[in-house]
Amino acid sequence: MFSQVEAKYSPNAAMPIQFNKNKHKYDEAIECHKKALVIQEKIDDKIGAANNLNNLGYIYQLQDFLGMALICFNKSLAIRMEIGDRRGETTTLCNLGNLLLKQKQTNKALEVGKQALKIALELGYPGKIRDAALLMKNSFRQLNDFKNAFEMDELFIAMHDSFCLLYTS
């Protein structure tokens, strides 16, 4: 793998070891979420199932299992829409949008971001508005639409500051 000299001087020398540690933690997390999901489906805990699917999607995305992440986000979104969990819907939409950005599906990500922002504005949650604005800013940047990216950045900053004030006052 690495010679002793490379391991001593390479800033990434510990990366394979760290990745294996994280992979083990991801595998454990996935297993726990899957077990919880079985129980939640048995007892018809739709909010819990939607949360677990969203979290599973995020873990899969971190590991670059983008197809699995997409499946989990879509299932979570469907449940959240079915039960009217608008706040959770914005969370999952933002996660889905970030996944689409990672896949270079920028126009789809932007549409998802618009949906998330619309709901977040209706609900009036600064944290959700912030997350949707960040998604849209990043989408606009990938499309080289810097004017709209700047506008979303201003909204992101305003909501970030507002969100911080809520929790530090």
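This is a predicted model: local features need pLDDT of at least 70, side-chain atom pairs count only at pLDDT 80 or more; totals for chains, interfaces and linings use all residues.
Residues are numbered from 1 along each chain as its sequence is written, and side-chain values use heavy atoms, with hydrogens and water left out.

The protein has eight helices and zero strands, where helices (H or I, at least four residues) and strands (E, at least two) are DSSP runs numbered from the N terminus. Read from the N terminus, the order of elements is α-α-α-α-α-α-α-α. Of the 169 residues, 37% count as buried; here buried means under 20% relative accessible area, exposed means over 50%, and partly exposed lies in between (1.4 Å probe, protein chains only). Contacts, meaning heavy atoms within 4.5 Å, also tell something about the arrangement of the chain: among those between residues at least 6 apart in sequence, 51% join residues at least 24 apart.

Helix 3 (residues 46-62) has 17 residues and reaches 24 Å from its first C-alpha to its last, close to the expected 24 Å, the expected span being 1.5 Å times one less than the number of residues. Its buried residues include Gly 48, Asn 52, Leu 56, Ile 59 and Tyr 60. After helix 3 comes Asp 64, with a positive phi near 65 degrees. Helix 7 (residues 126-142) likewise has 17 residues and a reach of 24 Å, close to the 24 Å expected at 1.5 Å a residue. Because 12 of its 17 residues are buried, helix 7 is largely enclosed by the rest of the structure. Among the buried residues of helix 7 are Pro 126, Gly 127, Lys 128, Arg 130 and Phe 140. Asn 144, which follows helix 7, has a positive phi near 60 degrees.

His 33 sits in helix 2 (residues 15-42) and is buried at 18% relative accessible area. Leaving aside neighbours within four places in sequence, His 33 is in contact with Asn 52, Asn 55, Leu 56 and Ile 59. Asn 52, Leu 56 and Ile 59 are themselves among the buried residues of helix 3. Thr 90, in helix 5 (residues 86-102), is buried too, with a relative accessible area of 1%. Not counting residues up to four places away in sequence, Thr 90 touches Ala 116, Ile 119, Ala 120 and Lys 128, and Lys 128 is one of the buried residues of helix 7.

Turning to charges, a search of the whole structure finds 10 salt bridges, each defined as a side-chain nitrogen of Lys or Arg within 4 Å of a carboxyl oxygen of Asp or Glu. Asp 85 pairs with Arg 80, their closest N and O atoms lying 2.8 Å apart. Both partners are buried: Asp 85 has a relative accessible area of 18%, and Arg 80 has 3% relative accessibility. Lys 114 and Glu 111 meet at 3.6 Å, N to O. These two are three residues apart in helix 6 (residues 106-123), so about one helical turn separates them. Lys 114 is partly exposed at 41%, as is Glu 111 at 45%. Lys 137 and Asp 153 form a further salt bridge at 3.3 Å, N to O. This pair links distant parts of the chain, with Lys 137 in helix 7 and Asp 153 in helix 8 (residues 146-168), 16 residues apart. Lys 137 is buried at 13%, whereas Asp 153 is partly exposed at 23%. Elsewhere, salt bridges that share partners join Arg 86, Glu 89, Lys 118 and Glu 122 into one network.

The protein exposes about 10300 Å², with carbon and sulfur atoms supplying 58%; accessible areas come from the Shrake-Rupley method with a 1.4 Å probe, and for residues only the protein chains shown count as cover. Phe 65, Met 68 and Ile 71 make a nonpolar surface patch of about 270 Å². Patches are built from residues with over 30% relative accessible area and no salt bridge, joining like charges within 9 Å and nonpolar side chains (Val, Leu, Ile, Met, Phe, Trp, Tyr) within 5 Å. Ile 71 belongs to helix 4 (residues 66-83) and is partly exposed at 43%. The structure holds zero disulfides, a disulfide being a pair of cysteine sulfur atoms within 2.5 Å. Cys 32 is exposed at 54% relative accessibility, whereas Cys 72 is buried at 6%.
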